[in-house]
Amino acid sequence: MADLLVVLALTLVVAAATAAVLTRDPARQALVLALLGLALAVLFTALQSPDVALSQLAVGSALTPLMLLLTVRKVRGRGHRGGRKRGRA
Amino acid sequence: MNGWLLAAAVVLALGVAPALWGATTGPLRRRVVAQNVAALLVCLVMLLLAQGYARPSYIDLGLVLAVLGPAGTLVYARLLAAELAADPPTARVTRAMTVLSAAAPPLVVLPLCVATGPGRSLVKLLLIGALLTAGNTISGRAVSGTTSLPREAHDG
Amino acid sequence: MSRKARLWLLAVGGIGVAVLLACAAFDLPGFGGTSHPYGERAVRSALARHTANVISSVNFDQRAFDTLGEESILFAAVLGTVVLLRETRDEHSEPPETVRVDPHVRRYALIALPVTLLIGLYIIAHGQLSPGGGFQGGVIVATALHLLYIAIDYKALERIRPAAAYAIADAAGEAAYVLLGTAGLLAGSVFLANFLPYGTFNTLSSGGTVPLLNAAIGVEVAGATVVLLARFLDQALEIEGGGTGGTGRQDEEANRS
């Protein structure tokens, strides 16, 4: 019974990680990764390692999504090469 | 296992798990809303865990998530604005989200305040509650497309 | 190599890892047992040095040299990013157009920014007392500054972010860590020795060099993260190799799940 939280958090981590692998679109994957980060933070806290959980929250909740989505924007922009000069694509 | 931990487990099973389902399936609008809800619920779970394990210093996790959770949702609202504006969450979902952001934090924070009693932790808890309520209401609003469409995203 | 041979190789490798993992896992002590030889020693020596957060004591005192390595990894990674993501000769940068943001979101960000900044500094300063420290706090500080881009305007961020200044902060943080280590050497013992008085247990000034090293890491991580994001933002918003945005119109890779 005492390990219920650990089991719950582990299940969430496994489910979120599997979903992250199965999601193909990077922008949607960033959303799943954010939830994976939250689940990991709960797991770390349940295992009494709040320092690691705090690192996970600090990096995973806003910084990683921002970097991923900026990269997606740059990479997709490449398909529009010269789009600005030609007006709206 | 005490009542606080049990409450945290219930929030995880009945709140975060469905949110995970919502974030992995369906259209983008649903996924962003699910992320916003999950950040809110996990923040509350952190507060419950801090009380359940009798470790006041764990409250810092909730404090950090109360500001970074909404910031994360605003990242999606900003950079996926074009997609979200083309297919925004329905008015009903937006309203439900606003109600949840306004109702859930007090529901968890007030009992915690009573259990904590006066002191520094109480001030911290109230601050987290206020930040979480304000942040999640605003980020929910940003997702639902009340923000105007960024012009950067227009000219691609 | 043919596809079949590659699959065989993958299968053999996968089975090998699985067998080794199973062997290792069955030899582990039971989950949540009572014997923690390393933990007990780490806690004892953290308490002897008046550091309430044992993890900080391990990271910044007992094994401070490891942290120097980790810090250098971040430093080198950011340096690599700066080199790779620089504006090349055939690219040119154009200032992105201004974006109008919902006034409510804007107002929230204006209030949340200083609060987040303060929380970041609080996490850095209390590294020796409660969960957190230089790394976590530094990332939070950097994220706080980027609320300006996320919720206000890219130009507002650019105004408070001369990237060169943050690059100097990054280097200064790294240097401060090494210098503090050298000070330990000069004070008579070894590199990164905790040479300062330990202070009163569970107060801000406890832990000797731990809070100072935390501050050095905080400055380094905040600077590094800002520089890193500056390069990403430049690439995504300003530098033209067609990088004018337009998300979402090309979702052919529809989602499977």
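Predicted model: local features only at pLDDT ≥ 70, side-chain atom pairs only at ≥ 80, totals over all residues.
Where in chain B does Thr25(B) lie? Select Thr25(B): the residue sits in the loop between α1 (3-24) and α2 (28-52) of chain B.

**Stop 1**

Keep Thr25(B) selected and display its surroundings. Thr25(B) counts as partly exposed because 15 C-beta neighbours fall inside 10 Å; residues in this class lie between the buried cut-off of 20 or more and the exposed cut-off of 12 or fewer.

Next select Ala54(B), which is in the loop between α2 and α3 (59-79) of chain B. Its phi is positive, about 55°, although the residue is not a glycine. Is Ala54(B) buried or exposed? Ala54(B) counts as exposed, because there are 9 C-beta neighbours inside 10 Å.

**Stop 2: annotated spans of chain B**

Two of the spans can be checked against the secondary structure. Residues 32-49 of chain B are 100% helix and 0% strand, with end C-alpha atoms 26 Å apart. Residues 93-115 of chain B are likewise 100% helix and 0% strand, and there the end C-alpha atoms lie 33 Å apart.

**Stop 3: where chain A meets chain B**

Show chains A and B together. How many residues of chain A are in contact with chain B? There are 39, and they are in contact with 36 residues of chain B. On the chain A side, the elements that give two or more residues are α1 (4-22), α2 (26-46) and α3 (50-77). Select α3(A) to see the element that gives the most, with 12 residues. Colouring this side of chain A by residue class gives 29 nonpolar, six polar and four charged residues.

**Stop 4: the largest nonpolar core**

The largest nonpolar core has 140 residues. Select Ala39(A), Ala38(B), Val42(B), Leu47(B) and Val64(B), the members that touch the most other members. Now centre on Ala38(B). Leaving aside residues up to four places away in sequence, Ala38(B) touches Leu35(A) and Leu38(A) from chain A. From chain B, Ala38(B) touches Val16(B), Ala19(B), Leu20(B) and Ala23(B).

**Stop 5: the rest of chain A**

Select residues 12-76 of chain A. UniProt lists this range, in an unreviewed entry, as "domain: MrpA C-terminal/MbhD". In the model the range is 91% helix and 0% strand, and its end C-alpha atoms are 31 Å apart.

Then colour chain A by pLDDT. The mean is 87, and 85% of the residues reach 70 or more. Residues 81-89 of chain A stay under 50. For these residues the model has 13 contacts beyond four places in sequence.

**Stop 6: chain C as a whole**

Chain C contains nine helices and two strands, in the order α-α-α-α-β-α-α-α-α-α-β along the sequence. The C-alpha trace spans about 60 × 55 × 40 Å along its principal axes. The radius of gyration of chain C is 24 Å, whereas a compact globule of 257 residues would have one near 18 Å. Of the 257 residues, 39% count as buried. Among contacts in chain C with a separation of 6 or more, 71% join residues 24 or more positions apart.

**Stop 7: annotated ranges of chain C**

Colour residues 72-88, 108-129, 135-154, 175-196 and 208-230 of chain C, which the unreviewed UniProt entry annotates as "transmembrane region". Residues 108-129 are 82% helix and 0% strand, with end C-alpha atoms 30 Å apart. Residues 208-230 are 91% helix and 0% strand, with end C-alpha atoms 35 Å apart.

**Last stop: Leu192(C)**

Finish in the loop between α8 (163-186) and α9 (210-238) of chain C, where Leu192(C) is found. Phi of Leu192(C) is near 65°, a positive value in a residue other than glycine. Why does Leu192(C) count as buried? The reason is its 25 C-beta neighbours inside 10 Å, given that a buried residue needs 20 or more.

How values were computed. Residues numbered from 1 in each chain as written. Chains lettered and ligands numbered in written order. UniProt positions renumbered as here; feature names shortened; annotations may be inferred. Helix = DSSP H or I, 4+ residues; strand = E, 2+ residues; numbered from the N terminus. Rg over C-alpha atoms; globule rule 2.2 N^0.38 Å. Contact = placed C-beta atoms within 7 Å. pLDDT = per-residue confidence, 0-100. Nonpolar A, V, L, I, M, F, W, Y, C, P; charged D, E, K, R; others polar. Core = buried A, V, L, I, M, F, W, Y, C linked by C-beta atoms within 7 Å.
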